[in-house]
Amino acid sequence: MESPRPPRPEEMDDLHRLSALCFGFEPRPPRRVRERLPRVPAGVRVIARDGKPVSQIHMVYNHLSLQGARVKVVSFGGVCTHPQYRKGGLATQLLAACLQEATAANATLLFISGERGLYRRPGAAVGGLGRLRGLLLPVCSSLYAVPFVILYPVFTACFGVGSESKIAF
């Protein structure tokens, strides 16, 4: 049984097809995938079976300034498993490996889009007050007193990215 690992360059076309299958979009021709992603993105982790990736997760590190304190954050997304391999704990293994990696990298805040048992089981907390966010966001963004780009991290930290957002501390 293969453990989570970064994908190999020759697996990028397979990963794109896996994402297209799981997220319901039309896959690009392999040449276009290689043009768009000439190298393997740093934060991608996969589990493969029979030499092909069947489950994946994407991690992106960044920094957020909160009240002058610089906080290292990590975002997870693009979590998917091929339908034939679901319910086998592959996404759970990927998430556990990425949480361990993020902890070792001293990330103190984690953003996850989506609401699933996969995220609740390790203790992710709902970070959004969707209705309040939905009321305040248009008002604040229309004021133009402070550019919305500056306000967005505050809204994200306080109210979540959306009604299905998770923030783990």
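**Why these labels?**

Modeller: Asp14 is buried, at 15% relative accessible area. Bear in mind that the model is predicted.

Biologist: Why is Asp14 called buried?

Modeller: Buried means under 20%. Asp14 has 15%, so the label holds.

Biologist: What makes Asp14 and Lys52 a salt bridge?

Modeller: The closest N and O atoms of Asp14 and Lys52 are 3.4 Å apart. The cut-off is 4 Å, so the pair qualifies. The bridge links distant parts of the chain: Asp14 sits in helix H1 (residues 12-23), Lys52 in strand S2 (residues 52-66), 38 residues apart.

Biologist: What joins Glu2, Arg5, Arg8 and Glu11 into one network?

Modeller: Salt bridges that share partners. One of them pairs Glu2 with Arg5 at 2.3 Å, N to O. Another pairs Glu11 with Arg8 at 3.5 Å. Both values are within 4 Å, so both pairs count.

Biologist: Where is Lys87, and why is Lys87 called exposed?

Modeller: Lys87 lies in the loop between strand S3 (69-81) and helix H3 (90-104). On the surface, Lys87 gathers with Arg86, Arg116 and Arg121 in a patch of positive charge.

Conventions:
Residues are numbered from 1 along each chain as its sequence is written. This is a predicted model: local features need pLDDT of at least 70, side-chain atom pairs count only at pLDDT 80 or more; totals for chains, interfaces and linings use all residues. Side-chain values use heavy atoms; hydrogens and water are left out. Patches are made of residues with over 30% relative accessible area and no salt bridge: like charges are joined within 9 Å, nonpolar side chains (Val, Leu, Ile, Met, Phe, Trp, Tyr) within 5 Å. Accessible areas come from the Shrake-Rupley method with a 1.4 Å probe; for residues, only the protein chains shown count as cover. A salt bridge is a side-chain nitrogen of Lys or Arg within 4 Å of a carboxyl oxygen of Asp or Glu. Lys and Arg count as positive and Asp and Glu as negative; His and the chain ends are not counted. The place of a charge is taken as NZ of Lys, CZ of Arg, CG of Asp or CD of Glu. Helices (H or I, at least four residues) and strands (E, at least two) are DSSP runs, numbered from the N terminus. Buried means under 20% relative accessible area, exposed over 50%, partly exposed in between (1.4 Å probe, protein chains only).
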